[in-house]
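Hello,

Here is the structure I promised to pass on. Please open it first, then read my notes below.

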Amino acid sequence: MAYKYLGKSYIRPDAINKVTGKAVFLDDIRLPGMLHAAILRPKYAHARILSIDTSEAEKCPGVVKVVTGKGCTYRYGDNIRDLVPMAIDKVRHIGEPVAAVIADTPRHAYAALDKIKVEYDPLPVYIDARQAMSEDAVLIHEELGEYWHLPTLNPKPGTNIANVYHLKKGRGEEGFEEADVIIEGEFNYPFGSCAALEPHGSIVWFKEDRTIEIWSSSICPFIIRDDIAHSYGVPVSDVRVHIPDIGGCFGYKSDITVEQTIAWIASFVPGRPVKWVASRKEDITSTLLAHGIRTVMKIGAKRDGKLVALKTTVYHSGGAYSDTAVNVTIAATHNSTGPYEFEHCDLTGYTVYTNTPPVGAFRGYGHPEPQFATERMMDMLARKLNMDPFELRRKNYLREGSTNSLGERMWKSNGDMQACAERVQQIVFGKPKEKQEDDQFYYGRGFAALMKSPKGAPFSTKGCYMKMNIDGSVSVNMGGAEVGQGLRTVVRQIAAEALKIPPEKVRCYNEIDTQFSPYEWQTIGSMFTMQGGRAIVRAAEKLIQGLKKTAAQVLRTDEDYLEYDGEYVYLRSDPSIRVPVTQLARGYITDNGITIGDLAQSVADARLPRYSNPDQNGQGNLGVTYTFGAQAAEIRIEKKTGRIYVDHFASVFDVGQVINPIQIRGTVLGGVLMGLGAALYEEVKFDEEGRILNPHYFQYHIPTYKEAPQQTIEFIETPDPIGAFGARGIGEHPVIGVPPAILNAIYDAIGVDFYEIPVTPEKIKQALEARTEKEYA
Amino acid sequence: MTEKISFTINGEYRSVEIDEEMMVIDVIRDVLDLTGTKRGCDNATCGTCVIVMNGKAVKSCNTPASKMQGANILTIEGLAKGMELHPIQKAIAESGAVQCGFCTPGIVMELHALLESKPDASETELSNALNKHLCRCTGYEPIRDGALIAQQLIRERMTEKA
């Protein structure tokens, strides 16, 4: 469909502030009387705290206060209330706050940190879920049975299992009786870090008027507001949270994380704002980690390739506090089907307490990890069936009329998986491979299909406030956090389209402030364009209706006889009878000054329609909307070094409607590179004592300029019935298919199956040597 | 131990007192409140803190503040002339190279040091310069596009002047 302002590349409204250095990020905020905090981290990843001596630190220059967790009586969390702002009598991971120094400068605060003396009694350390699940494992949370949790969760007190989620579709595991062929595999998606360029940070200010004011580089201001209000026993309206520009998120700035710690620290110096910004090391060792997911998968199929049964067990090493991991596990479990229909499913997900920093959201939210397994297994199954892998997939794609694991029926409007796959196949596999190897390299091509739904929640709505000004320009205010994804541009274009005015006349909010911004649950799940966009369309419709209502009085007619074109409200039967919107914005002022009608303003919100909690089978309307896509890699493996070069990467997604071509391409470019990092370089490594071995960029390597492949990116547009103007989510999806596509390409190049990432040059060299030995044996 | 140093920054002459352990970034961000220069890591890896000092791109996080004595320094705040953006800023804003924008100031300054002294820089020189900067958002392609447009704009500006 042709739109006036959609499908065009407008420049993002925040680009100018960002190229001039005027964008304000958390660390750029300076407040009068502001103090600085430095946080002490433990020597052990799991230990009882025997004593803390802060006396020497208190005497250091510039020190205002030294804080410990002593006296903290509350726990917090959105899903399982298992978190403490600062260790009380026990540390559970290597990045846990043990004490903090508040001083006049960061330098003074850090200098005093060394003077705090802590005595510990070390406990056994568990890094992997299965270690922590062993029967003789020491409990990381003895109090698990006492924690408040969402009614949909199922913790196992007396064990380290924070939650078990189980889904049964059809006959469950019995469905394998119908299979002719069964394959099994175990896959590992190790710990990672979102590693956004801007480290996480917060400022908290307990004010004398008993309000609490907070600034944070977070995407969930309303969760922070509600949670802090609950912990400190003040009305929610007395907590005000500001979100400045955010220097990248990719997941780990969602949910409440560091804010509660900084609030605890700041509560000891009421009247003074306290700032804390993570060092890079702290950003990796003390904020949320990613992944840590092992997927054990069994697939049963008919001889003709028809998939019949899937059994998945997800072992999620959730870290020391599982509040942020439980929903990732659930998403990983029911989305482990990938974009395929299985008649019978037996899917289990364990979220397990371990002694790592808490694991939480990472771009893809539980989809990249199990679908890495699914997409590798599809290639393996095709080999076992001696079938073309494209044909095998095509036979089983979710399409109109099929049902997914959750029991949700798929409609044509959910998008066209097969069309995405066919297009990628054409782009990358359209011509025969030029060569298998030469003196220097092996060559390979690999494919992966994918799907993603948001991970919603019952209250995951997004609000929109809209007001028209006296010159006909419009201000749009929303609670969506701009982390770089370009949602302000999207707001502008959707509002322009809905209001029939040029985007230049739409100005959208800069910072979020819970005192003035409409409610939004969190800006997560690739939902802003579709859900926020729907809220904008609804607000625009209401605003136009309001203009018509006032105009009906002015023109002395009925509202339903009126039309609106962005400049005028006019009589449909005689457009010369009209009133300009500029005369309606503040109500209509008649000749003698008597004013009639309402202000041209509106409020609306939108959520996923009929999103529900899971039923007793773990099924239900938990996905609601899906984006399908296909990706493929063309790689070279250097024989001498084992290094993998990704020469070309192709992605095609059915996004419903492209809003802004340059931005959506940017989203995919960046997402693919992030997936490439996971496939080839990135892993947060622990030693046996639970210490992180690579907490810096020079050790935790994220892809650089020269490692970026050439990319082909295309979109299919099957309009979505929920999203504004047919648009659906795309933010996270580009990451999902990258590791399996690359690992499938590695098999194509050297005939070796890898089951875990990252595939480093050392692993390739080992595999090549083992292959050679086998040949000569 | 404090020391007094003087330098020119963004065309303004400034004189400040520094501690001996201070780095250039501390003076820029914390003494002069020029917060456009960013801190993204602990050990000079990410490139977000790059500024131009005596015409060269310098990592301000590991350059001792004493080196500022007598220097001519340019930060991201010093590029635009009033409302008129520098060609590099314009190109980077328009090419899609800005997403979260946290790496942007460092990259703009890196390109400034390169292209203002060498408008004919080869693609390899550009790529070597950009390879010193981490970006987690864009996949780098739009940054390359922006750099090439900027180079074009700077060349055109020189032709106009000539």
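**The five-stranded sheet**

Chain A has an open sheet of five strands, in the order S7-S15-S14-S13-S8, with mixed pairing. Helices (H or I, at least four residues) and strands (E, at least two) are DSSP runs, numbered from the N terminus. Two strands pair if DSSP finds at least two bridges between them.

Please keep in mind that this is a predicted model: local features need pLDDT of at least 70, side-chain atom pairs count only at pLDDT 80 or more, and totals for chains, interfaces and linings use all residues. Residues are numbered from 1 along each chain as its sequence is written, while chains are lettered from A and ligands numbered from 1 in the order in which they are written.

Angles run from 0 to 180 degrees between N-to-C directions, and axes are lines fitted to C-alpha atoms, for helices over the stretch in contact.

Now look at strand S15 (residues 344-353) of chain A. S7(A) and S15(A) run antiparallel and are joined by eight bridges. Here A:Lys168 stands opposite A:Asp346. A:Leu167 has A:Leu347 as its bridge partner. S14(A) pairs with S15(A) too, in the parallel sense, over ten bridges. There, A:Thr312 has A:Leu347 as its bridge partner. S15(A) is mostly covered, with nine of its ten residues buried. A residue is buried if 20 or more other C-beta atoms lie within 10 Å of its own, exposed if 12 or fewer, and partly exposed in between; the C-beta atoms are placed from the backbone.

**A buried helix**

Is helix H8(A) enclosed or open? Nine of its nine residues are buried, so H8(A) is largely enclosed by the rest of the structure. Among them are A:Val326, A:Ile330 and A:His334. These buried residues pack against S7, S13, S14, S15 and H9 of chain A. Contact means that the C-beta atoms of two residues, placed from the backbone, lie within 7 Å.

**Two crossing helices**

Two packed helices are described by the angle between their axes and the distance between the axes. Take helix H9 (residues 368-385) and helix H10 (residues 389-396) of chain A. Their axes come within 9 Å and cross at roughly 110°. H9(A) and H10(A) are therefore roughly perpendicular to each other. (Angles under 35 degrees count as roughly parallel, over 145 as roughly antiparallel, 65 to 115 as roughly perpendicular and the rest as oblique.)

Residues of H9(A), including A:Met378 and A:Leu385, meet A:Pro389, A:Leu392 and A:Arg393 in H10(A). The residues of this contact divide into six nonpolar, no polar and two charged. Ala, Val, Leu, Ile, Met, Phe, Trp, Tyr, Cys and Pro count as nonpolar, Asp, Glu, Lys and Arg as charged, and the others, Gly among them, as polar.

**The eight-stranded sheet**

Chain A has another open sheet, with eight strands in the order S3-S5-S1-S12-S9-S10-S11-S20 and mixed pairing. Strand S3 (63-68) and strand S20 (512-513) stand at the edges; each has a single partner strand, so one side of each is left without a neighbour in the sheet. Strand S9 (residues 201-206) and strand S10 (residues 212-216) run antiparallel, joined by five bridges. A:Ser202 stands opposite A:Ser216 in S10(A). Helix H5 (residues 221-232) lies across S10, strand S11 (239-243) and S20 of chain A, at about 150° to S11(A).

**A hairpin**

Strand S27 (residues 627-638) of chain A is mostly covered, with ten of its twelve residues buried. Twelve bridges join S27(A) to strand S16 (residues 441-452), and the two run antiparallel. S27(A) also pairs with strand S28 (residues 644-654) in the antiparallel sense, over nine bridges. S27(A) and S28(A) form a hairpin with five residues between them. In the turn, A:Gly642 has a positive phi of about 80°.

**Where the chains meet**

Best wishes
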